Amino acid sequence: MSRFAPRALTVTSALLVLSACAGGVEGSPGGSGLRDPYFPRSGNGGYDVTHYALDLAYTPDDRRLAGTAEITARATQDLSAFDLDLKGMDVERVEVEGERARWSRNGQELVVRPHGDLTENETFRITVRYSGTPQTITDPDGSQEGWLPTADGVLALGEPTGSMAWFPGNHHPSDKASYDLAITVPEKLQAVSNGELTHRSTREGRTTFRWRTAEPMAGYVAMLAIGDYDIRRSTVATEADGELPVHTAVVRSQSDSARKVLDRLPEIMEWAEYNFGPYPFSSTGAVIAPRNAAAYALETQNRPVFPGAPDTKLFVHELAHQWFGNSVTPKSWRDMWLNEGFATYAEWLWREDDGGDSAQETFDALYDHGEDEYEDLWSFPPAEPTSAAHISDAPVYQRGAMVIHKIRQTVGDDAFYDIVQGWAAAHRHGNADTADFTAYVEKSAPDEDFDPIWQEWLYGDGKPARP
Ligand code: TRP
Ligand code: ZN
């Protein structure tokens, strides 16, 4: 009999452990931010979003947005509570796994306490019903983003923090997800977003557009444009996938001026694929919004937004971001130069290939007289912007492009294009930071010494010594 006693004890203690779990050896809150060095409250800890299904309706007359966000996420720890980012709007109801959850608001944090704990690795569904007039957000650098009303509709843009104005989510570039967006607007208007238009139907004076983004997308490049747009579909030949759908949306007031650059889209796509490798997404295009809708263009996924018709150079810049920024996405806002340095360098390459100045000439002119055009050009190193107010300044764009050019000077053209394409391929649909990049470059050209470039051009204060 006594022989069995230890075994019985073991079973009992196992049961105790089990019941302790079921009764809630508690999970902990996920955390209100991801400790981004520039935007510490952006994003949230403890889970990873895999899919957003947004079902929204907008009436421009009273500027009311109402809808439901259904978010599919995976817990990365045992969770007793978690946050979503949402700025403004009225939350009406929150459910987790179909059960009502308690919630509270704290600034841009929507704090959710699910009915029961969530277990690490569990996939769960969050439903948020909300409505209200979305806010226009002013960036640390003074520019406007988020919800930007136009005469008859709206333009929603999200870099770096604007997406929280119109849908709840894990709004940090490190958490990419697929999206389904259904948007219902008055019948006389059109609604454009990322991905592909899968459905359009009109009922009782209102039209619903369904847009699907299958490839991972960072929230800051999610976009919604509502207005009197001319939406056209065509296709373009690509290297990898054969015919790629093109959706262009041109606001009626811009149709004449937009035609010129949009006619060149196939040619620019072909040039970009030749230089950067296969286009990473399942559709392309552009949104030509009203001139005063925003003060800047943005590389919104699949189809960049331009306030009025862009010149070719700007079009090339935003298209290059589809590889550098949207497919290979920064791990944090500190890595912004990986976006803007590459996109700016793409402009230099285009000019070089289009019979204009060579990239070397552009580099030299910047080195010699850059201060005339960009007085802050040498004010901080590209990899270390002074603060959140400076992530879109000249050191990130122009000096960032100079870093890329220094690499090209060092390795020569053949190896350089291998690095550019290899980098885009290695982190396709992922996230990467500056250390990943320097390590990748070093691995690609093991005989070269890149330290002087990193030390002087990427991390060094002040103007580097004459090259
Ligand atoms: N990324 C945009 C571009 O280069 C510019 C931009 C718009 C931006 N909004 C921003 C950059 C906010 C940094 C922060 O085309
Ligand atoms: Zn850019």
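Guide: Start with strand S14, residues 190-193. This is a predicted model. Both faces of S14 are covered.

Visitor: What makes both faces of strand S14 count as covered?

Guide: Look at each side in turn. Gln190 and Val192 lie on one side, and they are buried. Ala191 and Ser193 lie on the other, and they are buried too. Buried means under 20% relative accessible area.

Visitor: How do you know that S14 and strand S17 pair?

Guide: Count the bridges. Pairing needs at least two. S14 and S17 (residues 224-227) have four, in the antiparallel sense. So the two strands pair. Gln190, for instance, stands opposite Gly227 in S17.

Visitor: Why is Thr161 called buried?

Guide: Its relative accessibility is 12%. The cut-off is under 20%. Therefore Thr161 counts as buried. It is found in a loop, between strand S12 (154-157) and strand S13 (177-186).

Visitor: Which residues is Thr161 in contact with, leaving aside its neighbours within four places in sequence?

Guide: Phe39, Ser42, Ile137 and Glu145. Each has heavy atoms within 4.5 Å of Thr161.

Visitor: Now the open sheet of four strands. What makes S1 and S7 its edges?

Guide: The order is S1-S4-S8-S7, with mixed pairing. Strand S1 (28-29) and strand S7 (102-106) each have a single partner strand, so one side of each is left without a neighbour in the sheet.

Visitor: How do you know that S1 and S4 are joined?

Guide: Two bridges join S1 to strand S4 (residues 79-85), and the strands run parallel. Pairing asks for at least two bridges, so this pair qualifies. Pro29 has Ala81 as its bridge partner in S4.

Visitor: What makes the approach of Glu318 to ligand 1 a polar contact?

Guide: A polar side-chain atom of Glu318 lies 2.4 Å from an oxygen atom of ligand 1. The limit is 3.5 Å, so the pair qualifies. His317 also has a polar side-chain atom 3.1 Å from an oxygen atom of the ligand. For Glu159, the distance is 2.7 Å, to a nitrogen atom of ligand 1.

Visitor: How much of ligand 1 does the protein cover?

Guide: The protein covers 93% of the 370 Å² of accessible area that ligand 1 has on its own.

Visitor: Last one. How many residues of domain 1 and domain 2 are in contact?

Guide: 31 residues of domain 1 are in contact with 22 residues of domain 2. The domain assignment gives domain 1 as 2-227 and domain 2 as 229-316. Their centres, taken over C-alpha atoms, are 28 Å apart.

How values were computed
Residues are numbered from 1 along each chain as its sequence is written. Chains are lettered from A and ligands numbered from 1 in the order in which they are written. This is a predicted model: local features need pLDDT of at least 70, side-chain atom pairs count only at pLDDT 80 or more; totals for chains, interfaces and linings use all residues. Side-chain values use heavy atoms; hydrogens and water are left out. Buried means under 20% relative accessible area, exposed over 50%, partly exposed in between (1.4 Å probe, protein chains only). A polar contact is a pair of N or O atoms within 3.5 Å; within protein, one must be able to donate a hydrogen and the other to accept it, and residues adjacent in sequence count only if both atoms are side-chain atoms. Accessible areas come from the Shrake-Rupley method with a 1.4 Å probe; for residues, only the protein chains shown count as cover. Domain bounds come from an automatic or database domain assignment.
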